[in-house]
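Dear colleague,

Please find below the structure I promised to hand over, with its sequence. My notes on what was found follow directly after it.

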Amino acid sequence: MTYTTLTLMKTVVLALVFVTAVHAVVAQAEDDRRTGATRISELLSEIPASNGAEWEKHIAVISKLGEASLTDMISTLSGYGKKDNTQLEYVLGGLSYYVSQLSSDQLRELAVGSYIKALEHVQRSEERAFIIRQLAIIGAPEAVPHIAKYCGDEQLCGAVARAMVSIGSPEASAALLMSLDESQGTCREAIIAALGDLQYKPAVKALTSLAGSTDQNLEKIVLYSLSNIGDPSSLDVLMAAARKANYQYDVTNATASLIQYARCLMESGNQKMTLKIAKELLEREEVDPKIAGLNLIVALKGQKSFPWLLKAAESASPEYRSVALNHAVEWRDKKYVKRWVRRVNVGQIRDRAAVVAMLGQMKTEAALPTIYELLNDDDQTIRLASIDAAWRIAGVDAIPLLLKRMNIGTDDDMTAVKAILLQMHFDTLESRVRPVLSSIPPNAKAALIDVLREKTSRHNYVGNQDRTFKPFVLSDKEVAEGFRILFDGTDLDEWMGNTDGYIIKEGTILLDPERGCCNLYTKDQFSDFEFRFEFRLSPGGNNGVGIRTPPHGDAAYVGMEIQILDNGADIYKDLREYQYHGSVYGIIPAKRGFLKPVGEWNYQQIIAKGSRIKVILNGEVIVDGDVIEASKNGTLDGRPHPGIQNTTGHIAFLYHSTPIQFRDIRIKEL
Amino acid sequence: MPRSQRNLRRKFLKQVATSVVAFSIVPRHVLGMGFLPPSDQLSKGIVGVGAMGQQHLEYKGARVAAICDVDVKHLRRTAAKLPRDVKTFADYRELIRLPEVDIVHVATPPHWHAIIAADAARAGKDIWCEKPMTLTIGEGKRLVDVVRQYGRIFRLNTWFRFEDIFYGMNVPVQPIKKILDSGMLGWPLKVTIGGTTGFDWKFYWIGRTDLEEQPVPQELDYDMWLGPRPYKPYHPHRVHSTFRGYWDYDGGGLGDMGQHYLDPVQYLLGKDGTSPISVDIDAPQQHIDAAGTWRRIEYTYADGCKIILDGENKETNAAFIEGPLGKLYPGLRSTIPRLAKKLAALPNPVPQETDFIHAVRTRTRFALNESNGHRSCTLVNMAKIALQLGRSLKFDPLSQTFINDDGATRMIDEPMRTPWIL
């Protein structure tokens, strides 16, 4: 057999095999299409998926469709408003997003292949744009040649150019560059911008030849793209354009492009050219390019740009100075600090206060002696900056000096120090500030008292619920004396026990006996104290204040009870005197006649120190005695009162069947 | 801009700002503020005078010098309320070049925020920008760069991290911050944001999928309205008061309220310089154009802190913030005993600059600026991507890209329709 015959036979055999195979494929495809169509209509009726699992089931269905069926489905897309594509858009968008995660996968290939085929089948630009968008979402490099042919189509070139950027392959860039020459108008703009986004170096020459256009939009995009690509050969073009714009903003964005270009050069390691641009910008008279130039220098040279910062800090422009100082904050090396400090000391700087503030933000101890000294500067602004800086650097160690400043300072000094004290924890204030309270002048004292009050009284964060009353606040005197609030009208946080019966109403604690039984106790225990509160009785009202009592039992015996009683009421006319209002119940009787008429508020103080109990009602001392002494020969009620031996315990409002209200409750421990 | 005018403006600024680094604690009047005659007021230009822009007219401290809108009706209606000398523009690029404008307010739909704000920075203006800060994470990164590069002062227009009652919490953020910083609740923390903790996700901002093309009304420059986003046939539901329902311009209720709700939480958790490492979603499939609803979005940070967005109001027992040692509910109700007393004793956080006009005059960074604003907007934008993709995502807060997900990473930057670039 000759070689030729053999080849011929092979060809025949191959051709036969091929024909059979094509037949099989075509038949298979027809089959697929028929079953595919059924599957598709089912799919469309179940879309959108209500969750991920459901969507996975749909995906399984889609992945079993052949390319022909899927292409058919995509090809039924019809332009917006021509028919409702909702279901189809759900399926296709979902599919594109689904396969966008994968770089290679059978389903992804099926999707991409079908989109590419369908691109030829659909008729209108809107449908094509939709498909191009899907290929962009997927990021399909295999689509590049198929979409590139629309680069000159006014309706589609934008979508194509953006898709090329999303795809991002070298072939995508090359295809764009190929079509640049032939393109015009908006298509050309779109292609140029895409080449810039893709940073495609081979495009530089073509782009450069387009620069200098009088069409400002075109010029803007050309400069943008050249700056993004960052090729050294573009320097002259970009520099000239920025110069033409006088280094200001204009529609061509030339100055911004020059700056972006410098950053690209810097990233690619071209220090020399970056510096050249930065210096060019720095030499401008206008502030905006100067600022950009300084930022470039700092990014390029790091701390070696310190001399530029020093110089910038001398500038007449506060905007420019502030940029320099904001950089300076980051450089905490002693040698830099020393130079700033020296300038501040000799007054050889334009804005000393700003530099002091910068040193404060730097938190550098090296500046501290200077800053302490400046606390006494004649210039108010400098003093304020120093107060802030001292606190930032030295923290609580600066407190003695700051308090001293408060003693001799102006109102503004005082406000500034106050703001700092509020940044301390109450415990720190207690240990550092309260001890000096008695030894400072009234102005500073008032300020300190303000701070202490804010640190001890509860915030009223109950929102909008009840604004008809103002929460109780301590007086200056009480703050200074060390009182704290147990109830300011807003919450029962300090109380426990019968919080069902004792409720908050209009800023008061009201006992509503119907709601629940028993006593209300403070959460804390108190031994020696002065307890201040107001109360309002109902007619015939009866209650009592338990002191040094355990949180259970009859407070009058397991602790002590200071009687609260409308003892003018008819029903109480036969009382014994140790039952009068204010009495230490069963032990020490109280003076009668100082209660206000029922319905008015009474103010009462209970002072317990050791075994000595003093009760002051509406300013009148009604009890002042020693409970041990008084029960030496037996108690008045003849019953044992073991509670008088207690050294500590809770304070309680007791439970009786009559309503009563309390408010403005505060205490000082002695 | 003619150089002489520009220098005049600069000279004025120089005189006003006596000290350029402000001290956070200093009482305001000390720095020479408040006594300037009205003629020396700062001036602002507002881009976008639709519903949102109306509010920007009211913000105090600067005089309205110019307004801009792509809808002539908006422009006319607003101009009628303002003095005759207020200039009107259809193209923001003219407004930002006015020498007399010191501050540019960006009150357009979100797809324009980054471009206008960046161009304003390039034009040497300070910026007051609506939320959400940007439409994509990539735009946010770029905007941060530009604002820094030009040394501008930037504020985002949400404020709950420093003032006002924080929605369902019924209290401001500051006391909550003090409690969290004290460690009382322990760490890591879980924050739940949904109807049961008093935060409404506004699911009425959903898009329509059945829009039929309609003629563009004469008063609207629709091409300019679309700006950097792809062309889609006009329908009134796409624009103005209903644009939030479309991914091209925003992201539904999440876009509207997300940064209001999440920015304070980033601050509370001390995450201003970082982002979550993952976002998990439970949602129905999203349409490719129209934003829909979702059931649950869960963010996780590297240290284990979590934020749950509850879209179904399902978390009926959830605390607003829960830590291993305690829980915090609306109104500062808490499992921590005597919280109010403990709270009073706690140190106040370091004060921040919360007066934008003062920040502009003293060149101080605003409390909510381009960088923490970008980070809180990233929460919104990463969830938008997860919802669209229909899958949970892993994120690298350092490089600000998604991990092992090319499709998600492609969505960090959406290429823009020319001639718009960032």
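A:Asn253 sits in the loop between helix 13 (235-244) and helix 14 of chain A, where helices (H or I, at least four residues) and strands (E, at least two) are DSSP runs numbered from the N terminus. Leaving aside residues up to four places away in sequence, A:Asn253 touches A:Lys220, B:Asp119 and B:Arg122, a contact being heavy atoms within 4.5 Å.

Before going further, please note that this is a predicted model, in which local features need pLDDT of at least 70 and side-chain atom pairs count only at pLDDT 80 or more, while totals for chains, interfaces and linings use all residues. Residues are numbered from 1 along each chain as its sequence is written, chains are lettered from A and ligands numbered from 1 in the order in which they are written, and side-chain values use heavy atoms, with hydrogens and water left out.

Turning to helix 8 (residues 157-167) of chain A, eleven of its eleven residues are buried, so this helix is largely enclosed by the rest of the structure. Its buried residues pack against helix 6 (125-138), helix 7 (144-148), helix 9 (170-180) and helix 10 (185-197) of chain A, and also against helix 13 (406-410) of chain B. Just after helix 8 of chain A comes A:Gly168, which takes a positive phi of about 70 degrees.

The largest cavity contains about 190 Å³, a volume being the space filled by probe spheres set on the points, which are joined across faces, edges and corners. Of its 16 lining residues, those closest to the centre are A:Ala256, A:Gln260, B:Arg122, B:Arg142 and B:Val146. Helix 14 of chain A supplies the largest share of this lining, five residues.

Finally, chain B contains 13 helices and 14 strands, and 67% of its 422 residues count as buried. The C-alpha trace of chain B spans about 60 × 60 × 35 Å along its principal axes.

With best wishes

How values were computed: On a 1 Å grid over the protein atoms alone, a cavity is a set of points where a 1.4 Å probe fits but cannot get out, and a pocket is an open set with protein on both sides within 12 Å along at least five of seven lines; lining residues have an atom within 4 Å of a point. Buried means under 20% relative accessible area, exposed over 50%, partly exposed in between (1.4 Å probe, protein chains only).
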